[in-house]
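Colleague: I have a chain open here and would like to go through it with you. Can you show it first?

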Amino acid sequence: MVRQAALNLVVVLVTVGSVFAAGPRRLALVVGVGHGAADQVQLKHAERDASKLAHVLGELGGVKPDDLRLLTQSPRAEDVLSALDRMDAQAVAEREAGREVRLLFYYSGHATVDHLELAGSRRALKALRERLR
């Protein structure tokens with residue numbers, strides 16, 4: 001019984017892996033920032049949450065190691081924009097080659113209604129949304 005359950009799990013994982021291999025290229029920018037503005041409390045789990053999600057995306061989400069950017073240890077808004085620039089260049093190259101591409105952006109940290117708070121710097125959500133389209 002246990003052997004059959006293990007075999008079924010392997011079949012499911014192989015099937016999931018082959019589905020991702022045939023689909024679009026997946027790019028992911030995962031950001032975890034425990035430190036926001038000076039008056040905000042330090043978030044204890046933001047960096048760990050981002051790291052865990054990055055691991056899951058790599059293991060089960062079809063994101064290859066070269067297509068995953070993990071920013072932790074107090075990245076600033078400029079660091080996020082720089083990573084987005086690199087990912088944009090990858091996405092453009094894929095599209096120009098006729099391939100489909102998907103970009104996932106994940107953020108764990110302080111935010112307001114209008115801004116992400118990134119280690120003492122800010123990034124407007126409206127500008128980020130426009131950038132990700």
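Colleague: How many helices and strands does the chain have?
Modeller: The secondary structure comes to four helices and five strands. Helices (H or I, at least four residues) and strands (E, at least two) are DSSP runs, numbered from the N terminus. This is a predicted model, where local features need pLDDT of at least 70 and side-chain atom pairs count only at pLDDT 80 or more, while totals for chains, interfaces and linings use all residues. Residues are numbered from 1 along each chain as its sequence is written, and side-chain values use heavy atoms, with hydrogens and water left out.

Colleague: What pattern does the chain follow along the sequence?
Modeller: The pattern reads α-β-α-β-α-β-β-β-α.

Colleague: On to the sheet. What is the strand order?
Modeller: The order is β2-β1-β3, in an open sheet of three strands with parallel pairing. Two strands pair if DSSP finds at least two bridges between them. β2 and β3 are the edge strands, since each pairs on one side only. From one strand to the next, the twist averages 5°. That angle uses axes, which are lines fitted to C-alpha atoms, for helices over the stretch in contact; angles run from 0 to 180 degrees between N-to-C directions.

Colleague: How many bridges join β1 and β2?
Modeller: Four bridges, in the parallel sense. Val-30 stands opposite Leu-70 in β2.

Colleague: What does α2 touch on the sheet?
Modeller: α2 packs on the sheet and touches β1, β2 and β3. The direction of α2 makes about 165° with that of β1. Contact here means heavy atoms within 4.5 Å.

Colleague: Which residues of α2 are buried?
Modeller: Ala-46, Ala-50, Ala-54 and Leu-57 are buried. They lie on the same side of α2, because they cover an arc of only 70° around the axis. The arc is that of the directions from the helix axis to the C-beta atoms. Buried means under 20% relative accessible area, exposed over 50%, and partly exposed in between (1.4 Å probe, protein chains only).

Colleague: And what covers them?
Modeller: The cover includes β1 (25-32), β2 (68-71) and β3 (101-108).

Colleague: Which exposed residues sit on the face turned away?
Modeller: Lys-52, His-55 and Glu-59.

Colleague: How much of the whole chain is buried?
Modeller: Of its 133 residues, 32% count as buried.

Colleague: What share of the contacts comes from residues 24 or more positions apart?
Modeller: They account for 68% of the contacts with a separation of 6 or more.
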